[in-house]
Amino acid sequence: MSADHEIENLLHEERHFAPSAEFAKQAIAKPSLYEEAKTDRLGFWAKQARKLHWHKPFTQTLDWSNPPFAKWFADGQLNISYNCLDRHVEAGNGDRTAIFFEGEPGDSKEITYAELTRQVKKTANALIDLGIKPGDRVAIYLPMIPEAVIAMQAVARIGAVHSVIFGGFSAESLSSRIEDAEAKLVITADGGFRKGKASALKPAVDEALSAGKCASVKNVLVVRRTNQDVDWVEGRDVEWSQAVGEASDEHEAKPFDAEHPLFILYTSGTTGKPKGILHTSGGYLTQAAYTHKNVFDLHADSDVYWCTADIGWITGHSYVAYGPLANGASQVIYEGTPETPDWGRWWSIVQKYGVSILYTAPTAIRSFMKLGSQIPNEYNLETIRVLGSVGEPINPEAWMWYRKHIGGSHAPIMDTWWQTETGAIMVSPLPGITTLKPGSAQHPLPGIEAEVLDDEGNVLGRGHAGLLVLTEPWPSMLRGIWKDPERFKETYWSKFEGQYFAGDGAKWDEEGDLWLLGRVDDVMNVSGHRLSTAEIESALVSHHYVAEAAVVGAKDETTGQAVVAFVILRQNQLDAAGSDADVSKILRDHVSKEIGPIARPRTIIVVKELPKTRSGKIMRRLLRDVAEDRPIGDVTTLADTSVMDLISGKLSAGASD
Ligand code: WT7
């Protein structure tokens, strides 16, 4: 691991923050959770699952007879949406606010549990009218508006399977995901408000479905948010306001098997093709609800919770659309970006709604930190009592800033490690119990078993860096990769027999706290978003200028990592391509169009050769050295050792932007 020496310094972190007696006294999580789970792990999970409403109670907790294909609570039946909505209304909490919606232009809306339930029932009926049946796939491509949560809940309610695609993905990415899942319906909007402007979404759907692509799609259901003009395909496109508006508000939630599929969420892997991560119902909701309640110390009747993640990511699934609703929480949903109209927006939202639990990403915290504490200091953030962090390691400096300036020097910070595949939080401190240490995610949660192994699979003790594995199945684990069981086995379960290989480096420190050291594969983490080097490389070579491309994630102060691409141009395109600056712009735009703006390389470096081993494998380690402006490491395994001189010479001549 190249960053090992930096990690070494971190591991001598001396700062410890013990929970206050006052916090501990009221905390939801009790230290006995650890003992309970240690003594009887499956019994512990069964107990968590029984906090949900089961139409038909389960008798078997885990079936692990055919690993890695797990079944949790398999003979039980439940309805996800009933658990998130109806049961709170039936318990007398219909008047509690489910969603405080804040639109970017400043419009706002408060939706109670009773009203949200009514809306979801109407939407469920509208989906049934459109011919959606249990098991059918529905693609969702929406901005962060209440309809996003309503759509997910309605799809789940009728036993259909959603595939949410982040609004920042291109028509190209949208189309390949719709095709892979063979979605029957796409739910979208004319657009959403971002950075002070109406930003269109429907045109990307139209393009994704054009020219005979995505033949599985029968209808497109369109929410009007921005009232921009949109093209309309008669017979295919349906107005949300009409279909949902006219639908009946009576809908009885039917039970589905615990292992009934709930959603597919595409994420980047080490190849050019995104993986459709499959999650099912009972185990997923059990762990989403359990972690949401205990990790954030949720007191549903008094807290105002806000997770800033978009529904396009797993965090927006587990900690916006499902976990908080399963727990009857009141949550804020904000449509826009943090800098609109200025960098005080988030803090004005915290003040306006009295947010008490805030869950966000280190990249956002670092952006705020760079701008200075005077901005949050202008707002009253006294209601904040618990903070969360997710997506990448949080550096101790950002952790301290977050605690002091957002958390009033008292709010505990939960650094939560997990993945799209794990479905819910796996490693995190617990508020009121754990003595916090800035930069460390600390301990596997009660019910979760993790180890750090060396390459041969030996268990490493304290003080050694290695590979993170999960040694026991967990309820919200992925059940597979959509249509690709072989890739599922190969990617996660083949490196170490019977154990889940996460793809992250990790280390237990001398005190037994766990540190996450970043990905060990060709997956990058840019602003907490997962990107594949191979996917961006194939986008680059799909441009006619490019003969060959190599992409690396280079350390970046704000975004964690940044995409840096090295490209070799085709000989016959050199004249057409023009200057390096021109090429760079064209190729950056090209990647943005192919995958989405999040994948746009920060830097493109035009080179004549790439460093390769004698067997032809690109040595990304050396390219990373160049991109991070470090002395270049060992080059002796290169087929041609002079290549690196050429490349680093090129960089110092200033080809990057
Ligand atoms: C990868 C998973 C989990 C939801 C958001 C990202 C990195 C995530 C942490 C953390 C260190 C973290 C890992 C992981 N990661 N949280 N608290 N500390 N690293 O989900 O897109 O599936 O990415 O994000 O590298 O493997 P994802």
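Analyst: Ser 330 touches Arg 96, Thr 97, Ala 98, Phe 100, Asp 303, Val 304 and Tyr 305, not counting residues up to four places away in sequence. A contact means heavy atoms within 4.5 Å. This is a predicted model, where local features need pLDDT of at least 70 and side-chain atom pairs pLDDT 80 or more, while totals for chains, interfaces and linings use all residues. Residues are numbered from 1 along each chain as its sequence is written, and side-chain values use heavy atoms, without hydrogens and water.

User: Where is Ser 330 found? And why does Ser 330 count as buried?

Analyst: Ser 330 is in strand 17, which covers residues 330-334. Helices (H or I, at least four residues) and strands (E, at least two) are DSSP runs, numbered from the N terminus. As for buried, that means under 20% relative accessible area, with exposed over 50% and partly exposed in between (1.4 Å probe, protein chains only). Ser 330 has 7% relative accessibility, so it counts as buried.

User: What makes the side chain of Ser 330 and the backbone oxygen of Thr 97 a polar contact?

Analyst: A polar contact is a pair of N or O atoms within 3.5 Å; within protein, one must be able to donate a hydrogen and the other to accept it, and residues adjacent in sequence count only if both atoms are side-chain atoms. Here, a polar atom of the Ser 330 side chain lies 2.6 Å from the Thr 97 backbone oxygen, so the pair passes the distance test.

User: Arg 225 is in a loop. How do you know whether Arg 225 is buried or exposed?

Analyst: Check its value: Arg 225 has a relative accessible area of 16%. That is under 20%, so Arg 225 is buried. The loop in question runs between strand 11 (219-223) and strand 12 (237-239). Among the residues touching Arg 225 are Phe 101, Ile 145, Phe 193 and Glu 335. Asp 107 is also touched by Arg 225, and their two side chains make a polar contact at 2.8 Å.

User: Strand 29 is where Gly 560 is found. What makes Gly 560 buried?

Analyst: Gly 560 has a relative accessible area of 17%, so it falls under the 20% cut-off and is buried. Leaving out neighbours within four places in sequence, Gly 560 is in contact with Arg 366, Glu 392, Asn 525, Ala 554 and Lys 555. Take Glu 392: it sits 168 residues from Gly 560 along the chain, yet their C-alpha atoms are separated by 7.7 Å.

User: Where does helix 5 bend, and by how much?

Analyst: Helix 5 (residues 80-93) bends by about 40° at Asp 86. The bend is the angle between axes fitted to the seven residues ending there and the seven starting there. Asp 86 is also one of the buried residues of helix 5. The buried residues pack against strand 3 (77-78), helix 6 (113-129), helix 7 (146-157), strand 14 (261-267), helix 11 (282-295) and helix 12 (314-326).

User: What makes Asn 79 a cap for the N-terminal end of helix 5?

Analyst: A side-chain oxygen of Asn 79 lies 2.9 Å from the backbone nitrogen of Ser 81.

User: How far is Asp 415 from the ligand?

Analyst: An N or O atom in the Asp 415 side chain is 2.7 Å from a ligand nitrogen. A polar side-chain atom of Arg 519 lies 2.8 Å from a ligand oxygen, and a backbone N or O atom of Gly 391 is 3.1 Å from a ligand nitrogen.

User: Last one: why is Phe 73 called buried?

Analyst: With a relative accessible area of 0%, Phe 73 is under 20%, so it is buried. Phe 73 lies in the loop between strand 2 and strand 3 and has a positive phi of about 55° although it is not a glycine. Gln 442, in the loop between strand 20 and strand 21 (450-453), also has a positive phi, near 75°. At 1% relative accessibility, Gln 442 counts as buried.
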